[in-house]
Amino acid sequence: MELGDIYTEVVTEYSRSQKHRHPLEHPDVKVRGVNPSCGDDISLELKVKDGNIENAAILGSGCAISQASASIMADLIEGKSTAEAKHLAELFLGMIRKTVTDEKELEELEDAVALKNISNMPARVKCAVLSWHTLEEALDKLKDAEESH
Amino acid sequence: MNKYLHDFPLLCEKDEKGRRLAYLDNAATTQKPQSVLDAVMEYYQKSNANPHRGIYDLSMKATNVMESSRERIRSFIGAEKTDEIIFTKSATESLNLVAQSYGMSVLHPGDRIVLAVSEHHSNLVPWQIVAKAREAELVYLYTDKLARIIPEEIEEKINERTKIVAVAQASNVTGVINPVERIIERAHQVGAVVVVDGTQSVPHMAVNVSSMNADFFAFSAHKMLGPMGFGVLYGKEELLREMPPFLYGGDMIEYVEEQASTYAPLPEKFEGGTQNVGGAVGLSAAMDYLDKAGMENVRAGEKELTSYLMDQLHSVPHLRILGPDDPQERIGVVSFVMEDAHPHDIATILNADGIAVRSGHHCAQPFLCRLGVTATCRASLYLYNTEEDIDRLAKSLKNVRRWLNVGVR
């Protein structure tokens, strides 16, 4: 595994992106995601209207991999339905677990494909998947809230 | 060439690029010399049986090996009596034993437990549990800007209500050597007992628990060239004798009736279950190795290498070391942070250059919080490390920000 395959320009640029690093006013859901062993600690906030994700914010701190993954994810899910977001999360996790390898299928992940090589670095997998697991949790929470209405 | 290096097979291995591993994670665990590996193998080849049980010769042999290891360990840390050496599986278990057995018995509501804020979770969480159960108060000794315990804290916080003080002799995060003698003196003035976590100190300096006057002292084998899965608890005999057992079961009983039991004398009272005799043998062999090197020499060599490490780290732009520079005040455990580079990314980049360091919170979250960081990188030395290891570390660190594409524009 070469470092250049991981710390690509796409990854380092996204890792410092400030685009989604602003708290939302009255988010519909807010979920914290933590990697206890390394100190990655993020908060995902979503503003959802009629089943569509209007805004996504990622706050907190972590390594370049976790932060890049989170900003790419926020970019990707804005403007998508919650069902589409759920599908993307499954696809991303599948890519990292190597259960989805078809490049055509992965095209939907757009820039998130830049993190594909993390699947060869077991020590860093949890950094890449943190925001996506947090997203899954947020979507579940939204669904629960909907059902209890 | 470092004179110890050739004794460590793992460290002599070359990777596919022809490099030796620059192993700088000795505060997490150390590599093992051939003599330790041989001693453990010889035990299993020639003396293995369940000690204290069988009448047959081999069981007697295993018992003898176990008890002579206990004696070896006693002499290494300067305990007065062999009965004061309790075998455990780790320093963590040793500390839990003291918390559950001693702490639970002596604490009453309103009593105080004093800890250094720099404690490893293993000398912190067990006390949280006990404090909660006994409604005792948990109070911390805070540190100054260089992560050293503030001297006034000792007099102020360790007061008449204090029953237990728990402190590491050396920090696993910053390498700072804590003033344990002073803390022990103060604690004894107010009638408190002191639990010293020696996990980071025993491997790196000459330690004598009797002259230190520690009441309890815990450490583990694998951080001092011995095998994993073996730890030690030293306790003063008069304290251990009064304490209830921690693990109940075989080998720790005297008589068992249907409704009640009596317990074996020290040290077996605290050693329920078959013990890790291979681990004890390995630790004895590690102590032989360290004694042959001489603990004074180990400390002197590490001081010199630590100075070199500090100088090299200071030469890396945007890097900040946590804790004091003076090797007199610290062991060779050095935490650092780098501007705009997360410790995990640093560790990944160093790994690509064949350098092993630890990154994260080092099981000391309250301390990192106090230091104002969420994670650090930690390089930690042992007797087999070389200036070359450190040169490679510094060189690789200078490339980190370029890899992460920061500060290049």
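Buried area is the accessible area, taken with a 1.4 Å probe, that two parts lose on being put together, summed over both. The legends below describe close-up views of a predicted model.

**View 1. The interface between chain B and chain A.** In this predicted model, 16 residues of chain B are in contact with 19 residues of chain A. The area buried between the two chains is about 1500 Å², and carbon and sulfur atoms give 54% of that area. On the side of chain B, the residues that lose the most area to chain A are H344(B), T348(B) and W403(B), which together account for 33% of what that side buries.

**View 2. Polar and charged pairs across the interface of chain B and chain A.** Between chain B and chain A, 9 residue pairs are in polar contact, with both residues at pLDDT 80 or more. The element of chain B that gives the most to the side touching chain A is helix α12 (residues 343-352), with 5 residues. Sorted by class, the residues on that side of chain B comprise 6 nonpolar, 7 polar and 3 charged. The rule finds 1 salt bridge across this interface, and the side chains of R124(A) and D345(B) meet in a salt bridge with a distance of 2.9 Å from N to O.

**View 3. Helices α2 and α3 of chain B.** Helix α2 (residues 34-47) and helix α3 (residues 57-77) of chain B pack with their axes 10 Å apart and at an angle of about 155°. Because angles over 145 degrees count as roughly antiparallel, α2(B) is roughly antiparallel to α3(B). In this contact, Y43(B), K46(B) and S47(B) of α2(B) meet L58(B), K61(B), A62(B) and V65(B) of α3(B). By class, the contact of these two helices has 4 nonpolar, 1 polar and 2 charged residues.

**View 4. A salt bridge within chain A.** Over all chains, the structure holds 27 salt bridges. In one of them, D28(A) pairs with K47(A), and the closest N and O atoms are 4.0 Å apart. D28(A) lies in the loop between α1 (9-15) and β1 (29-35) of chain A, whereas K47(A) belongs to strand β2 (residues 40-49) of chain A, so the pair ties together parts that are 19 residues apart in sequence.

**View 5. Backbone features in two loops of chain B.** L266(B) and P267(B) are joined by a cis peptide bond, for which omega is about -5°, and P267(B) is placed in the loop between β10 (261-263) and α10 (277-293) of chain B. E135(B), a residue other than glycine, has a positive phi near 55°, and E135(B) is found in the loop between α5 (125-134) and β4 (137-141) of chain B.

Definitions and conventions
Residues are numbered from 1 along each chain as its sequence is written. Chains are lettered from A and ligands numbered from 1 in the order in which they are written. This is a predicted model: local features need pLDDT of at least 70, side-chain atom pairs count only at pLDDT 80 or more; totals for chains, interfaces and linings use all residues. Side-chain values use heavy atoms; hydrogens and water are left out. Contact means heavy atoms within 4.5 Å. A polar contact is a pair of N or O atoms within 3.5 Å; within protein, one must be able to donate a hydrogen and the other to accept it, and residues adjacent in sequence count only if both atoms are side-chain atoms. Helices (H or I, at least four residues) and strands (E, at least two) are DSSP runs, numbered from the N terminus. Ala, Val, Leu, Ile, Met, Phe, Trp, Tyr, Cys and Pro count as nonpolar, Asp, Glu, Lys and Arg as charged, and the others, Gly among them, as polar. Axes are lines fitted to C-alpha atoms, for helices over the stretch in contact, and angles run from 0 to 180 degrees between N-to-C directions. Angles under 35 degrees count as roughly parallel, over 145 as roughly antiparallel, 65 to 115 as roughly perpendicular and the rest as oblique.
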